[in-house]
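Here are my notes after going through the model you sent. Have it open alongside while you read.

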Amino acid sequence: MPSVYIETYGCQMNVADSELMLGKLAAAGYAVAARPDAADVVIVNTCAVRENAEQRVIGRLTDLRRFMKPDAILGVTGCMAQRLGNRLLDADARVSLVVGPDGYRALPDLIDSARRGERAAVTRFDLEEHYDDFEARRFAGVKAWIPVQRGCDYRCTYCIVPYTRGPERSRGLDEVIREVASVAEQGLTEVVLLGQTVNSWTDGTRDFGDLLRAVGAVDGIRRVRFTSPHPNDFTDSVIAAMAGTPAVCEHVHLPMQSGSDAVLKRMLRRYTRDGYRDCVARLRAAIPGLSITTDIIVGFPGETDADFDDTMSLVREVGFDDAFTFKFSAREGTPATRLPADLTLPHEVVDERYEALVREVRAIARARNVQRVGERREVLVEKEARKGGHLLQARSRDFRTVLVPDRVAAIGDYLDVVLTGTTGSTFTGAPVAARAPLPVAG
Ligand code: SAH
Ligand code: SF4
Ligand code: F3S
């Protein structure tokens with residue numbers, strides 16, 4: 001039996017796609033190899049979102065060439081494959097297939113052709129493609145990634161994703177529910193619904209709120225999360241569904257990108273500082289205890305000191321529980337690269353702002369976390385803690401990482417804990433007896 005090894009870079013959508021590819025190849029008779037040096041087919045599923053993401057992949061391809069079996073087939077898939085297509089084949093003679101995110105159905109055939117010496121780049125978008133008939137081969141874990149939407153129609157001016165993943169399309173509600181029910185049957189209790197602007201999901205008649213309600217009602221599902229929503233798609237009806245569906249967790253990842261109206265406009269984010277603030281207020285009013293995390297870009301072309309101050313002040317005002325921060329990276333072909341060259345900021349300025357933002361984000365997260373010590377949380381045990389020491393890593397509904405002693409629970413268990421301490425970012429927790437049921441009146 002030939003074997004395949006897949007290495008994944010980028011976002012959860014890519015992880016989900018790798019699971020689909022593995023499923024497809026397993027169905028075609030491939031065994032799953034745990035290491036690249038043992039595999040007959042090595043696939044690198046790539047990300048193109050920032051320059052350094054691509055640099056990492058290029059470095060890794062060089063390394064892999066040395067470990068791989070001499071006759072192994074090397075394939076590049078994902079967003080960088082879509083972006084570079086034939087250019088990747090030209091640049092690297094060892095790569096025999098390049099397949100973009102909508103081409104995975106053809107993988108077994110493409111690998112067969114590669115064995116006969118035919119190299120190919122497949123980068124056509126397919127607006128019907130959701131891989132509904134693929135049986136995902138999931139990486140170990142207690143939660144399941146469920147793609148509900150592919151592509152993106154927003155076209156933020158810095159972003160390569162609309163070019164690498166094509167136009168937005170929503171997957172059918174019935175197909176989503178079928179997959180959720182099947183992972184629940186396999187014993188998984190948490191699902192994460194995926195899409196680039198996931199809350200714009202619609203099948204023409206139903207909206208994302210309807211999807212949340214339907215997923216939350218599947219037997220055996222205790223936690224529903226989703227990523228990433230766009231502020232403009234948080235309609236009252238979607239927020240009401242979040243608030244009214246007990247399985248939907250009290251956490252939202254709400255990319256802000258900038259706190260300056262001028263920068264938001266140049267980014268084509270389609271909301272203002274006030275619009276973002278209003279979205280946060282509506283979410284918080286509807287969902288008590290909601291934790292909010294975000295993505296922020298610093299150094300977008302033309303960002304002034306005053307613009308950056310606006311980002312810092314909105315970060316303070318919202319009080320994020322955590323934030324992913326990025327330095328702007330110019331992506332070939334995106335509208336931001338056509339802005340006047342004199343708007344490009346010097347590296348030192350970007351570095352300085354970036355450091356200041358990271359410091360602020362950490363200080364805010366720490367302050368919010370310190371306040372939570374002593375509170376109770378239900379946690380789901382996800383895996384062994386990286387630091388070892390007989391600890392397991394668990395997660396609360398509000399997305400806090402909690403380390404618990406390994407003798408009190410097993411992976412996949414739910415546990416009631418009291419938060420006993422925090423490093424500022426993660427917590428330690430001690431199990432408490434499940435809450436006694438309230439006495440029933442009369
Ligand atoms: N679809 C998601 C996220 C896509 S990429 C969304 O809209 O929220 C994840 C994050 O990478 C973005 O939120 C943004 O903060 C960052 N990002 C995207 N393109 C970038 C670029 N060219 N330079 C720096 N950061 C970028
Ligand atoms: Fe990129 Fe904007 Fe689409 Fe997100 S919404 S994937 S940032 S274009
Ligand atoms: Fe990267 Fe593509 Fe995801 S560019 S962030 S892998 S959608």
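Predicted model: local features only at pLDDT ≥ 70, side-chain atom pairs only at ≥ 80, totals over all residues.

1. A backbone N or O atom of Ser329 sits 2.8 Å from a nitrogen atom of the ligand. On its own, ligand 1 exposes 540 Å², and the protein buries 89% of that (accessible areas by the Shrake-Rupley method with a 1.4 Å probe; for residues, only the protein chains shown count as cover).

2. Residues are numbered from 1 along each chain as its sequence is written, chains are lettered from A and ligands numbered from 1 in the order written, and side-chain values use heavy atoms, without hydrogens and water.

3. Back to ligand 1: there are 15 residues around it, and Gln196, Pro255, Gln257, Asp295 and Ser329 come nearest (around means a heavy atom within 4 Å). By class, the shell has six nonpolar, four polar and five charged residues (Ala, Val, Leu, Ile, Met, Phe, Trp, Tyr, Cys and Pro count as nonpolar, Asp, Glu, Lys and Arg as charged, and the others, Gly among them, as polar). Strands E13 (291-298) and E14 (322-327) each supply at least two residues of that shell (DSSP runs, numbered from the N terminus: helices are H or I, at least four residues, and strands E, at least two).

4. Gln196 turns up again elsewhere. The residues around ligand 2 include Gln196, Cys152, Cys156, Cys159 and Arg269, and the shell there is seven nonpolar, two polar and two charged. Ligand 3 has Gln196 around it too, along with residues including Cys11, Cys47, Cys79 and Arg165; that shell splits into five nonpolar, three polar and one charged.

5. Which residues of helix H8 are buried? In H8 (residues 208-216) they are Phe208, Gly209, Leu211, Leu212, Val215 and Gly216 (buried is under 20% relative accessible area, exposed over 50%, partly exposed in between; 1.4 Å probe, protein chains only). They cover an arc of only 160° around the axis, which puts them on the same side of H8 (the arc is that of the directions from the helix axis to the C-beta atoms). Their packing partners are helix H7 (173-185), strand E10 (190-194), strand E11 (223-227) and helix H9 (236-244). At the start of H8, a side-chain oxygen of Asp207 comes within 3.0 Å of the backbone nitrogen of Gly209.

6. Have a look at Glu19, in helix H1 (residues 12-27). Glu19 counts as buried, at 3% relative accessibility. Leaving out residues up to four places away in sequence, Glu19 touches Ala136, Arg137, Arg138, Phe139 and Trp145 (contact means heavy atoms within 4.5 Å).

7. Last, some backbone geometry to check. A cis peptide bond joins Thr227 and Ser228, with omega about -10°; Ser228 is in the loop between E11 and H9. Leu268, a residue other than glycine, has a positive phi near 55°.

Key
Polar contact = N/O pair within 3.5 Å; in protein donor to acceptor, adjacent residues only side chain to side chain.
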